[in-house]
Amino acid sequence: MYRANYHTHGQWCNHGTGEEKEFVKEALKAEVWQIGFSEHLPFPDNRLYRMDFSQLPDYTSKVYELREKCESGIRMFCGGEIEYFPEMKSYYRYLVEDGGFHYLILGQHYFKHGEAVQRTKKLEETKEILNYAYSIREALETGSFKILAHPDYFGYVDFEVDGNIEKAIDVIIEAAVETNTLLEVNANGFRKPCFQSKLGMRRRYPLDCFWARAAEKKAKVIIGSDCHANGCLYDEAVKQCEKYILDKKLNQIKHNVMFLGD
């Protein structure tokens, strides 16, 4: 299998410890032939808890330096994970057009509804999850994002499946299909403990009800390690993702890569 991972965090994101050189060594050992570094990117006003905006050039320079010096045959890319806020559209365009980023991952940990900023994992009602879905649709329609990280991140909420949940799932999946965005099965979901929910014992994510619909819609799917420490780039959780994709008959993109010819 040709392996790739584009969801890789290190020491830049304020809650990771991984070092880029060590990730490359792990990739070589595991035969992961393409690796994308995707730190949580800052905003110019330094909202949220990310690297400071002033550190952005240092991060991109580090990745490009490693990319140019590497002689292992592994291809490296400079990416970033970031939330979507409607007023920041020009910033996303800058990152992918002039900022040196090969790709952006949408990680909608926070989203804006009206003037209020909401934290996805702290939502309380299913109608709020539908607002989360609408924010994702708006983000993907900008064309700035190649991957949607953990699209079922709303699984942190202990919900029962109702019309809002069904609609939210359809909104997200249909937006991904229409914009040719890759839906990510995120390995962190397998690293986290299960919990007793209104749907029974389950993971926060991946959510079976979400991915069953993705299989029906034949949405394009990719695996993301979402590693934040060395030793997790290709671990047991990633292998569980591989099995999950096969079991759910998901449409994993050929070779699991975006940049095969670059």
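E65 is partly exposed, with a relative accessible area of 39%, where buried denotes under 20%, exposed over 50% and partly exposed the range in between (1.4 Å probe, protein chains only). The structure is a predicted model, in which local features require pLDDT of at least 70 and side-chain atom pairs pLDDT 80 or more, whereas totals for chains, interfaces and linings use all residues. Residues are numbered from 1 along each chain as its sequence is written, and side-chain values rest on heavy atoms, without hydrogens and water.

The side chain of E65 forms a salt bridge with that of K69 at 3.0 Å, N to O; the criterion is a side-chain nitrogen of Lys or Arg within 4 Å of a carboxyl oxygen of Asp or Glu. By this rule, 14 salt bridges are counted. K69, at a relative accessible area of 59%, is exposed. Both K69 and E65 belong to helix 2 (residues 56-69) and lie four residues apart, about one turn of the helix; helices (H or I, at least four residues) and strands (E, at least two) are DSSP runs numbered from the N terminus. Residues three or four places apart in an α-helix point the same way, because there are 3.6 residues a turn.

Helix 8 (residues 236-247) contains K243 and D247, which are four residues apart and thus separated by about one helical turn. Their side chains meet in a salt bridge of 2.7 Å, N to O. K243 is exposed at 53% relative accessibility, whereas D247 is partly exposed at 46%. Elsewhere, salt bridges with shared partners connect D45, R47, E87 and K112 into one network.

Eight strands form an open sheet in the order 1-2-3-4-7-8-11-12 with parallel pairing, two strands being paired if DSSP finds at least two bridges between them. Strand 1 (3-5) and strand 12 (251-252) stand at the edges and have a single partner strand each, so one side of each lacks a neighbour in the sheet. Strand 4 (residues 103-106) pairs with strand 7 (residues 147-148) in the parallel sense over two bridges. L148 of strand 7 is the bridge partner of L106.

Helix 5 (residues 163-179) comprises 17 residues and spans 24 Å from its first C-alpha to its last, close to the 24 Å expected at 1.5 Å a residue; the expected span is 1.5 Å times one less than the number of residues. I165, A168, I169, V171, I172, I173, A175 and A176 of helix 5 are buried. The cover over these buried residues includes helix 4 (126-140), strand 7, strand 8 and helix 7. Helix 5 is followed by N180, whose phi is positive, near 60°.

Q118, in strand 6 (residues 116-119), is buried at 16% relative accessibility. Its side chain makes a polar contact of 3.4 Å with that of E128, a polar contact being a pair of N or O atoms within 3.5 Å; within protein, one must be able to donate a hydrogen and the other to accept it, and residues adjacent in sequence count only if both atoms are side-chain atoms. Apart from neighbours within four places in sequence, Q118 is in contact (heavy atoms within 4.5 Å) with H109, Y110, F111, H113, L123 and E128.
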